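Please consult the sequence and the model shown below while reading.

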Amino acid sequence: MYQFTSESVSKGHPDKVADLISDAVATYLIDKNISHRAAVETLVTTNMVTLAGEYKSDKFNKVAIEKIVRDVVKEIGYEQDGFHWATLKVYNELHGQSPDIALGTDDFGAGDQGLMFGYACDETPNYMPSAIYYSHEILKELDKARSLYDWLGPDSKAQVTMSYDGVGNPASIDKVVCSTQHADNMAIETVRSAVEDIIRTSSIKGNFADCKFMVNPTGRFVIGGPDGDTGLTGRKIIVDTYGGYAPHGGGAFSGKDCTKVDRSAAYMARYLAKNIVANGKAKNATVQLSYAIGLKQPMSIYVYADGKVRKEFGDWFAENIDLTPKGIIEQFNLFDLDLTTTTNYGHFGKEEMPWEKIEAWDGF
């Protein structure tokens, strides 16, 4: 018996506010044009949003971008004294892309050097590790509950500890830690009881029978979001991926066009890992891809599945799958993607995403 823990955060968490703004602005700048580029970083704090980074696009318009920022904050639900969509200040410091970077990416070489990981396992219906799967599901339930409980604020976090009775064999949910923003007039006992009830009676197909709940363990959580803590793009990369269950190359996703292999190659690595497991080749799989800036072919392909290196899988992928940035972009139609659909509750495990497709590969 052993335990493993992962966490997720809501769309109102300050780092996710920053991620969503970055993805919304990047989607606007890219505008489904394969010659456009974006690398948008966002900082949010008390009544302020600052954009930085670079772009190559004929869509740049400060007025339009400021409207996008305010619309995103409004959609998340921030109408608080310390962070209000209508009154916050927007500082736009975006600038044109360096021509030195364009030398490599205009011809669809990799947008940077780096290493990316993909992972899949057979623990859950969407081939994700259990702890991060349930962490995401809990926050989705809380988000739905906000339409019923107007005292629930946008900022929340969930942490799930799973108990395993064997390697890769989850037995039960042992602990749930959940912190959620709430209205000033709510008693903490009421908040705790309601949140636990929302989770226990939800549609989540998890074993909460003997689960220990810790809701708002510090007590009150009234001041939240960017007014309570600064948010930055790319600071929730473990939430975005596998909850710590698999390695991470270190690169963030949000705000980047998909010539940046930090994003596109991570999507491809998940696709490869998921298809190893979904095709019955292994119960779990980790895939690593690495790239050099401006070059098209990966520097290396590594596959580790069911406790051993599987070179034959890596060789098959190299021979049968186009792993160049352009090949990945074309396979998944990444320049047509609304990047904001990826931002919250993880970039993986969403069946509608093209990198989640299960294939019947000949000869695999």
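At what angle do helix α8 and helix α10 pack? The answer is taken from a predicted model, as is the rest of this report.

## Two packed helices

Helix α8, residues 261-278, packs against helix α10, residues 325-332, at an angle of about 65°. Their axes are 10 Å apart, and the crossing is left-handed. On the α8 side the contact is made by Val261, Ser264, Ala265, Tyr267, Met268 and Tyr271; α10 contributes Pro325, Ile328, Gln331 and Phe332. Eight of these residues are nonpolar, two are polar and none is charged.

## The four-stranded sheet

An open sheet is formed by four strands in the order β1-β8-β9-β10, with mixed pairing. At the edges stand β1 (2-9) and β10 (212-215), each of which pairs on one side only. From one strand to the next, the twist averages 15°.

Strand β8 (residues 152-166) runs antiparallel to β1, and eight bridges join the two. Gln3 stands opposite Ser163 of β8.

## Helices on the sheet

Helix α4 (residues 130-145) packs on the sheet and touches β1, β8 and β9 (169-182). The direction of α4 makes about 150° with that of β8. Helix α5 lies across β8, β9 and β10, and runs at about 130° to β10.

## Ile199 in helix α5

Ile199 belongs to helix α5, residues 188-200. Ile199 counts as buried because its relative accessibility is 0%, and the cut-off for burial is under 20%. Beyond its neighbours within four places in sequence, Ile199 is in contact with Ile138, Val176, Phe208 and Phe213. Ile199 and Phe213 lie 14 residues apart in sequence, and their C-alpha atoms are 9.8 Å apart in space.

Conventions:
Residues numbered from 1 in each chain as written. Predicted model: local features only at pLDDT ≥ 70, side-chain atom pairs only at ≥ 80, totals over all residues. Heavy atoms only, no water. Axes fitted to C-alpha atoms, helices over the stretch in contact; angles between N-to-C directions. Left-handed = near helix turned anticlockwise from the far one by under 90°. Contact = heavy atoms within 4.5 Å. Nonpolar A, V, L, I, M, F, W, Y, C, P; charged D, E, K, R; others polar. Buried < 20%, exposed > 50% of the residue type's maximum accessible area, 1.4 Å probe, protein only. Pairing = 2+ DSSP bridges.
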